[in-house]
Amino acid sequence: MSPAAAPLEPDPMTLLPPERPVQLLDDEGALHEVDGFPLDLKDSDFRDLYRYMVLARRVDSEAINLQRQGQLGVYASLLGQEAAQVGGAYALAEQDWVFPSYREMGAALVRGVDPGSVLHLFRGTWLSNHDPIATRFGLLSIPIGTQALHATGYAMAAKFDGKDLVVMSYFGDGATSEGDPHEAMNFAAVYDAPVVFFVQNNQYAISVPLSKQTKAPTIAHKAVGYGMPGFRADGNDVLATYAVSRRAIDRARAGQGPSLIEAVTYRMEAHTTADDPTRYRTASELAEWKVRDPIARFETFLEREGLLDDAFRAEIDEEARGYATRMRAEVYDAPHGDPLELFEHVYVEPPERFDEQRALLRAELERRE
Amino acid sequence: MAKLRMRQAIVAALADEMERDGSVIVFGEDVAAAGGPFKTSEGLLERFGRARVRDTPISETGFLGAGLGAAVTGLRPVVEIMFIEFLGVALDMLSTEAAKFRYLSGGKLSVPLVVRASAGSGLGFGAQHSQTLETWLYATPGLKLAVASGPRTAYGLLRAAVQDDNPVVVLEPRPLYGEREEVETGDAAVIPLGQANLCATGDDVTIVGLGQTVGTALRAAESAGWTADVIDLQTLLPWDRDTVFASVARTGRLVVVEESPRTGGWGTEIAAAVAGECFGDLTAPVTRITAPDVPVPFPPELEARYLPGPDYVRAQIDTLLDSGRLPVPWWETEGLGA
Ligand SMILES: Cc1ncc(C[n+]2csc(CCOP(=O)(O)OP(=O)(O)O)c2C)c(N)n1
């Protein structure tokens with residue numbers, strides 16, 4: 001079967017994903033509607049999607065700068081993955097939750113998380129300053145893939161409580177080799193939990209390419225084994241990641257259970273600022289993906305639609321500058337942890353000895369001043 | 001002899017074992033093409049080829065379990081857990097399976113599997129990447145557990161681990177990967193498992209360290225008003241009781257230096273054994289110098305405070321020797337140590 005002829009609707013019998021990723025914007029930025037993935041977006045939404053992607057990129061490059069200036073210990077860039085992250089998160093409703101990995105600054109922005117607050121995690125001032133409850137954006141999970149299970153449990157509990165709430169769990173292609181995401185997907189399917197498993201297939205797990213991670217035809221195929229649909233989206237097409245997420249989220253909200261989304265994209269930067277990707281990938285491969293830049297493609301679309309003018313660009317630029325300034329102010333030379341914090345947050349009710357130890361430490365610190 | 005960084009000593013040990021024995025294979029996350037996240041397998045892929053040096057999917061259960069299976073056939077897999085914390089997702093394979101196969105099979109199956117992992121704090125890696133966690137493995141009969149304290153021991157212990165027919169875990173303190181020292185390589189440099197090393201001798205106190213606290217203890221003793229036997233335990237499972245007991249019999253005092261939380265730390269075992277078996281020799285309370293019972297803090301200043309440093313260790317021992325009483329840890333005094 002030629003890829004072009006593949007149906008985009010998952011076959012209810014096999015749940016098999018189409019081989020060709022859902023794409024709404026072609027490489028020239030022209031919009032082609034795809035059956036089963038209708039777009040319910042207004043002009044203001046198109047503008048918002050663009051805004052978030054540009055802001056995400058700007059925040060990301062500012063974070064890299066801060067790391068190079070010695071202000072952050074390490075940072076994991078999302079460059080190239082803006083469309084994947086923003087499209088997915090934008091399809092969520094206010095009350096929905098995200099369980100992210102360490103690379104989700106773009107999704108964080110869409111959820112209204114202040115990027116500066118997240119950077120504390122990478123600076124080591126305090127674990128993370130963002131409020132997971134207020135933003136419905138969970139802890140940035142560092143142990144690979146574990147957040148898929150947290151998302152599943154959260155979704156099952158929400159269902160138990162009769163809450164109208166969908167949970168989106170982001171993880172990477174590499175994470176699909178761990179046991180946790182498998183157990184999470186199986187669990188979620190068995191219990192019809194309202195979860196969307198959103199895999200950003202950025203082709204690499206540190207130095208290990210996808211081909212060494214899985215023999216499956218695609219990551220989306222893995223869904224079939226759990227009895228849930230697997231969708232593939234062109235991860236550099238924000239309308240595709242949005243439309244596919246919209247569908248998976250609606251399904252989950254309607255009580256039809258979880259889905260797996262594979263957004264096919266590319267990590268344009270190093271794994272983290274501590275990594276040297278020239279050891280394991282070629283400049284030509286990078287160049288191939290550079291021309292598929294998600295923001296450039298969407299810009300072409302917006303220009304065609306007459307939605308992108310200089311005033312709007314200037315407005316976003318201004319906003320991005322504001323973000324960058326606030327981020328710098330937030331973390332630049334931010335004090336490194338009050339010694340009293342050492343005993344903070346270890347238990348809900350600190351053991352008596354903690355209080356004593358803390359009081360002694362405070363007395364000592366005051367004495368030294 | 002050559003001056004090697006600890007990470008180079010590890011590469012050398014792996015290469016020497018792979019050269020010596022064609023059944024030694026190396027696998028784990030990012031160990032082949034990238035040469036290891038801490039560059040501890042640099043050049044092995046080029047030298048020994050893709051069949052023996054493999055990048056695996058991110059799947060700790062996968063490569064520990066498959067490593068166990070492969071080891072049963074007689075291969076000697078050396079697998080790498082990038083950070084000891086990630087052993088958490090695969091602990092069953094090690095504690096409940098690899099360490100039990102020989103026993104369950106009545107001695108018919110051997111599991112010559114080596115698990116290397118980076119461990120410990122001091123690099124600002126935060127609460128989830130800074131633990132030592134030897135205590136996860138400690139109460140596991142069937143397993144051996146060694147901890148490197150620098151380039152020389154990293155080389156010697158790893159080679160012994162590969163040659164051992166039991167499953168062996170070798171922990172590598174992360175802050176020491178860049179540390180350099182003269183390292184003798186070759187068969188004579190293999191350090192037998194189960195033997196401690198007396199790295200300094202003195203009269204007043206026996207200090208037992210493991211991993212990076214060995215260096216801490218040596219530095220503490222350098223400019224002290226007392227002299228000490230400093231013992232690098234090298235292997236924790238099984239640990240060298242004879243060396244420790246003999247030293248305590250001479251000095252009459254035991255201080256164990258640990259970088260992990262106080263409650264349940266590895267030193268409890270040493271302290272209990274010495275308190276019981278060397279009771280008549282002791283002239284001072286058995287002392288443990290540890291970190292407090294909190295997660296490893298991320299901010300550098302707090303992490304530095306968390307880890308027992310040489311000045312603090314020296315001050316604690318000063319107190320022990322001056323007062324004959326158990327020194328109170330910094331987080332319970334107004335003195336805050338040094
Ligand atoms: C359980 C566990 N094993 C290993 C690691 C080390 N590690 C950190 S990031 C990473 C690669 C993850 O790749 P992927 O899931 O594709 O996500 P990406 O980083 O590409 O976004 C690995 C192996 C970890 N953090 N947790």
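**Domains and chains**

Reply: In this predicted model, the centres of domain 1 of chain A and domain 2 of chain A, taken over C-alpha atoms, are separated by 40 Å.

Me: Which residues does the domain assignment of chain A give to each domain?

Reply: Domain 1 of chain A covers residues 3-337, and domain 2 of chain A covers residues 339-369.

Me: How many helices and strands are there in chain A?

Reply: Chain A contains twelve helices and seven strands. Its radius of gyration is 21 Å, close to the 21 Å that the globule rule gives for 369 residues, so chain A is as compact as a globular protein of that length. The C-alpha trace of chain A spans about 75 × 50 × 40 Å along its principal axes.

Me: What percentage of chain A is buried?

Reply: Of the 369 residues in chain A, 48% are buried. As for contacts in chain A between residues at least 6 apart in sequence, 75% join residues at least 24 apart.

Me: Now the two chains together. How many residues of chain A are in contact with chain B?

Reply: There are 33 residues of chain A in contact with 31 residues of chain B. On the side of chain A that touches chain B, helix H7 (179-190) and helix H12 (352-368) of chain A each supply at least two residues. The largest share of that side, five residues, comes from H12(A). By type, the residues on this side of chain A are 16 nonpolar, eleven polar and six charged.

Me: Moving to chain B, what are its domains?

Reply: The domain assignment of chain B gives domain 1 (2-189) and domain 2 (197-332). Their centres, taken over C-alpha atoms, are separated by 27 Å. The contact takes 26 residues from domain 1 of chain B and 22 residues from domain 2 of chain B.

Me: Which element gives the largest share of the domain 1 side there?

Reply: Strand E6 of chain B does, with four residues on the side of domain 1 of chain B that touches domain 2 of chain B. That side divides into twelve nonpolar, twelve polar and two charged residues.

Me: A new topic: strand E13 of chain B. Is the strand largely enclosed, or is it open, and why?

Reply: Strand E13 (residues 254-261) of chain B is largely enclosed by the rest of the structure, because seven of its eight residues are buried.

Me: Which strands pair with E13(B)?

Reply: Strand E10 (residues 205-209) of chain B pairs with E13(B) in the parallel sense over three bridges, and B:Ile207 stands opposite B:Val255. Strand E14 (residues 287-291) of chain B also runs parallel to E13(B), and four bridges join the two. There, B:Arg288 is the bridge partner of B:Val256.

Me: What do E13(B), helix H10 and E14(B) make?

Reply: With helix H10 (residues 267-277) of chain B, E13(B) and E14(B) make a right-handed β-α-β unit.

Me: What does B:Val257 touch, leaving out residues up to four places away in sequence?

Reply: Its contacts include B:Ile207, B:Gly209, B:Ile289 and B:Pro308.

Methods:
Residues numbered from 1 in each chain as written. Chains lettered and ligands numbered in written order. Predicted model: local features only at pLDDT ≥ 70, side-chain atom pairs only at ≥ 80, totals over all residues. Buried ≥ 20, exposed ≤ 12 C-beta atoms within 10 Å, placed from the backbone. Pairing = 2+ DSSP bridges. Right-handed = clockwise from strand over helix to strand, strands pointing away. Rg over C-alpha atoms; globule rule 2.2 N^0.38 Å. Contact = placed C-beta atoms within 7 Å. Nonpolar A, V, L, I, M, F, W, Y, C, P; charged D, E, K, R; others polar. Domains from an automatic or database assignment.
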